[in-house]
Amino acid sequence: MAVVGVLALQGSYNEHMSALRRIGVKGVEVRKPEQLHGLDSLIIPGGESTTMAKLANYHNLFPALREFVGAGKPVWGTCAGLIFLANKAVGQKLGGQELVGGLDCTVHRNFFGSQLQSFETELSVPMLAEKEGGSNTCRGVFIRAPAILEVGSDVEILAECPVPSGRPSITIPSAEGVEEEVYSKDRVIVAVRQGNILATAFHPELTSDCRWHRFFLDMDRESHPKAFSALSLSSSSRGSEGGSKTKPFDLPIFE
């Protein structure tokens, strides 16, 4: 049976563990480098990215995380996890923070503003419906969320979000270190995939829509059929969720 690790330093790791249980997949909390051994894939959850980075440094996790990503195993970052996986992050606190890297993108750490500017919206994600059934949209929960400003040529854009009218002005340092306005588009990237890496700026684990978790697990099923053969992703369970297209995905009651 496939085993999915969830980085459990801080943030919404319990919610990811609950989502995995709902689809019949074994999740393992990861806090030390040796706990990555034997895992088939890894989720890096949302939380406070600077705090998570400090704890990851304390436990000497960064080398092991980079090795895990480099080995080609599926890795999914949500919110702060997206920041961790980006090759470049801007809008960071003074002194910056260490990144795992691997995802060819530039992410703005606090694109949508403060905690008070958190919001929910419906996102158009046709790929998700094509792969996992259900509606062409999903519920996006953005909590003091980052966003992706630009991506490399090998990165597939899965979802974009309208830029809220009240969003603070976004500036990043130029090559000369001068602050300048750089983002004026009316939409911004909030979900991408590059090879074995999936990243979302929002929190699918905070809704009852498990399609993102199933999509993540499906990413490597073809190349590792034995490891994933025991996943409870039966056509009957997919069909029951996909057939209720008019039913809203409410926030779940956690175990």
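**A guided conversation**

Guide: Let us start with one residue of this predicted model: glutamine 194 has a relative accessible area of 16% and is therefore buried, since buried means under 20%.

Visitor: Where is glutamine 194 placed?

Guide: Glutamine 194 belongs to strand S13, which covers residues 187-194.

Visitor: What does glutamine 194 touch, not counting residues up to four places away in sequence?

Guide: Glutamine 194 touches Gly102, Leu103, Asp104, Asp154 and Val155.

Visitor: Let us step back. How many helices and strands are there in the protein?

Guide: The protein has eight helices and 14 strands. Of its 255 residues, 52% are buried.

Visitor: Which residues have the most contacts inside the largest nonpolar core?

Guide: They are Val190 and Trp212, in a core of 76 residues. Leaving out residues up to four places away in sequence, tryptophan 212 touches a list of residues including Trp76, Met127, Leu158 and Phe202.

Visitor: What is the mean pLDDT of the protein?

Guide: The mean pLDDT is 83, and 78% of the residues reach 70 or more. Among the elements, strand S14 (residues 197-200) has the highest mean pLDDT, 98, whereas helix H8 (residues 235-242) has the lowest, 40.

Visitor: Where does pLDDT stay under 50?

Guide: It stays under 50 over residues 225-250. For that stretch the model has 41 contacts beyond four places in sequence.

Visitor: New topic. Which residues does UniProt list for "active site"?

Guide: The unreviewed UniProt entry lists Cys79, His203 and Glu205. These residues are spread over 127 residues of sequence but cluster in space, with a largest C-alpha distance of 10.9 Å.

Visitor: Is cysteine 79 buried or exposed?

Guide: Cysteine 79 is buried, because its relative accessible area is 4%. Cysteine 79 lies in the loop between strand S4 (75-78) and helix H4 (80-85). Apart from neighbours within four places in sequence, its contacts include Gly46, Ile143, Thr200 and His203.

Visitor: And where is histidine 203 found?

Guide: Histidine 203 is in the loop between S14 and helix H6 (211-218). Histidine 203 is buried too, with a relative accessible area of 5%. Not counting residues up to four places away in sequence, histidine 203 touches Ser12, Gly46, Cys79, Val141 and Ile143.

Visitor: Which side chain joins that of histidine 203 in a polar contact of 2.6 Å?

Guide: The partner is the side chain of glutamate 205.

Visitor: What does the UniProt annotation "binding site" cover?

Guide: In the unreviewed entry, this annotation covers Gly47, Glu48, Ser49, Arg109, Ile143 and Arg144. They span 98 residues in sequence, yet no two of their C-alpha atoms are more than 12.4 Å apart, so they gather at one spot.

Visitor: Could you describe a few of them?

Guide: Glycine 47 lies in the loop between strand S3 (41-44) and helix H2 (49-58). At 35% relative accessibility, glycine 47 counts as partly exposed. Beyond its neighbours within four places in sequence, glycine 47 is in contact with Gln10, Gly11, Met52 and Ala80.

Guide: Arginine 109, by contrast, counts as buried at 7% relative accessibility. Arginine 109 is in the loop between strand S6 (103-108) and strand S7 (119-124), and a polar contact of 3.1 Å joins its side chain to that of serine 49.

Visitor: And what is phi of arginine 144 near?

Guide: Phi of arginine 144 is near 45°, a positive value in a residue other than glycine. Most residues other than glycine have a negative phi. Arginine 144 lies in the loop between strand S8 (137-142) and strand S9 (147-151), and counts as partly exposed at 34% relative accessibility.

Visitor: What about phi of asparagine 60?

Guide: Phi of asparagine 60 is near 55°, which is again positive. Asparagine 60 lies in the loop between H2 and helix H3 (62-70). Its relative accessible area is 51%, and asparagine 60 is therefore exposed, since exposed means over 50%.

Note on methods
Residues are numbered from 1 along each chain as its sequence is written. This is a predicted model: local features need pLDDT of at least 70, side-chain atom pairs count only at pLDDT 80 or more; totals for chains, interfaces and linings use all residues. Side-chain values use heavy atoms; hydrogens and water are left out. pLDDT is the predictor's confidence in each residue, from 0 to 100. Helices (H or I, at least four residues) and strands (E, at least two) are DSSP runs, numbered from the N terminus. Contact means heavy atoms within 4.5 Å. Buried means under 20% relative accessible area, exposed over 50%, partly exposed in between (1.4 Å probe, protein chains only). A nonpolar core is a set of buried Ala, Val, Leu, Ile, Met, Phe, Trp, Tyr and Cys residues joined through side-chain atoms within 4.5 Å. UniProt positions are given in the numbering used here, feature names are shortened, and annotations may be inferred rather than shown by experiment. A polar contact is a pair of N or O atoms within 3.5 Å; within protein, one must be able to donate a hydrogen and the other to accept it, and residues adjacent in sequence count only if both atoms are side-chain atoms.
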